[in-house]
Amino acid sequence: MKKTRSLGESFLCALAGVVYAFKTQRNIKIHFFAAIIVVLLSFLLKLSISEILAISLTVTMVLVAEMINTAIETVVDMYTTEYHPLAKAAKNVAAGAVLISAVNAVIVGYIVFFKKIIMFLNM
Ligand SMILES: Nc1ncnc2c1ncn2[C@@H]1O[C@H](COP(=O)(O)OP(=O)(O)OP(=O)(O)O)[C@@H](O)[C@H]1O
């Protein structure tokens with residue numbers, strides 16, 4: 001295996017990882033489209049800079065958690081497809097990270113959007 005890579009090659013590998021996760025993981029597709037809707041809503045509801053920062057960090061955290069979850073699932077499946085309690089623990093912990101990021105997204109989304117959407121609908 002080739003050891004040293006140029007910066008460009010490393011970037012392409014990272015990009016390939018994003019594409020792989022997007023192509024193979026239904027949840028990432030759902031989160032990605034949810035992120036697009038959130039970005040469009042942010043423009044429509046004229047969020048402040050600090051609100052946009054909170055939303056941006058939240059969306060990024062969910063997508064990153066999903067990708068780390070995918071990486072862990074992939075390594076576990078490469079190691080064994082047999083039942084193993086440690087494989088189960090690794091996958092459950094990774095899924096737990098996604099769950100925590102998703103709960104945070106719901107809380108942040110509620111705090112930032114709820115009042116604004118109600119006001120927008122009552123206009
Ligand atoms: N090799 C294994 N040994 C023991 N339990 C496993 C194993 N593989 C999966 N599991 C259990 O099944 C659950 C689902 O695993 P799976 O690999 O199907 O993930 P998934 O359904 O693709 O998850 P996600 O929806 O997060 O992508 C795991 O969280 C774990 O509890």
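Visitor: In which helix is V18 found?
Guide: Keep in mind that this is a predicted model, where local features need pLDDT of at least 70, side-chain atom pairs count only at pLDDT 80 or more, and totals for chains, interfaces and linings use all residues. Residues are numbered from 1 along each chain as its sequence is written. Helices (DSSP runs of H or I, at least four residues) and strands (runs of E, at least two) are numbered from the N terminus. V18 falls within residues 7–24, and that helix is α1.

Visitor: Is V18 buried, exposed or partly exposed?
Guide: We count other C-beta atoms, placed from the backbone, within 10 Å of a residue's own: 20 or more is buried, 12 or fewer is exposed, and in between is partly exposed. V18 has 13 of them, so V18 is partly exposed.

Visitor: How many of the 18 residues of α1 are buried?
Guide: α1 lies largely in the open, because the number of its residues that are buried is 1.

Visitor: What distance separates the end C-alpha atoms of α1?
Guide: The expected span of a helix is 1.5 Å times one less than its number of residues. For the 18 residues of α1 this should give 26 Å. The model agrees, because the end C-alpha atoms of α1 are apart by 26 Å.

Visitor: What pattern does the protein chain follow along the sequence?
Guide: The protein chain has 4 helices and 0 strands. Read along the sequence, its pattern is α-α-α-α.

Visitor: What radius of gyration does the protein chain have?
Guide: This value is taken over C-alpha atoms, and the globule rule is 2.2 Å times the number of residues to the power 0.38. For 123 residues, a compact globule would have a value near 14 Å. The C-alpha atoms here fill a box of roughly 60 × 40 × 20 Å along the principal axes. The radius of gyration of the protein chain is 18 Å.

Visitor: Which element gives the most residues to the shell around the ligand?
Guide: The residues around the ligand include Q25, N69, E73, Y83, H84 and A87. Two or more residues come from each of α3 and α4. With 5 residues, the element that gives the most is α4.

Visitor: Which residues does A87 touch, not counting those up to four places away in sequence?
Guide: A87 is found in helix α4. With 18 C-beta neighbours inside 10 Å, A87 counts as partly exposed. Contact here asks for C-beta atoms, placed from the backbone, within 7 Å. By that rule, A87 touches V76 and T80.

Visitor: Where is Y83 placed?
Guide: The UniProt annotation "binding site", from an unreviewed entry, covers E73, E82, Y83 and H84. UniProt positions use the numbering used here, feature names are shortened, and annotations may be inferred rather than shown by experiment. Y83 counts as exposed, with 7 C-beta neighbours inside 10 Å. The place of Y83 is the loop between α3 and α4.

Visitor: What percentage of residues 92–113 is helix?
Guide: UniProt, in an unreviewed entry, lists residues 31–47 and 92–113 for "transmembrane region". Over residues 31–47 the chain is 82% helix. For residues 92–113, whose end C-alpha atoms lie 31 Å apart, the helix share is 100%.

Key. A residue is near a molecule or strand if its C-beta atom, placed from the backbone, lies within 6 Å of it. Two residues are in contact if their C-beta atoms, placed from the backbone, lie within 7 Å.
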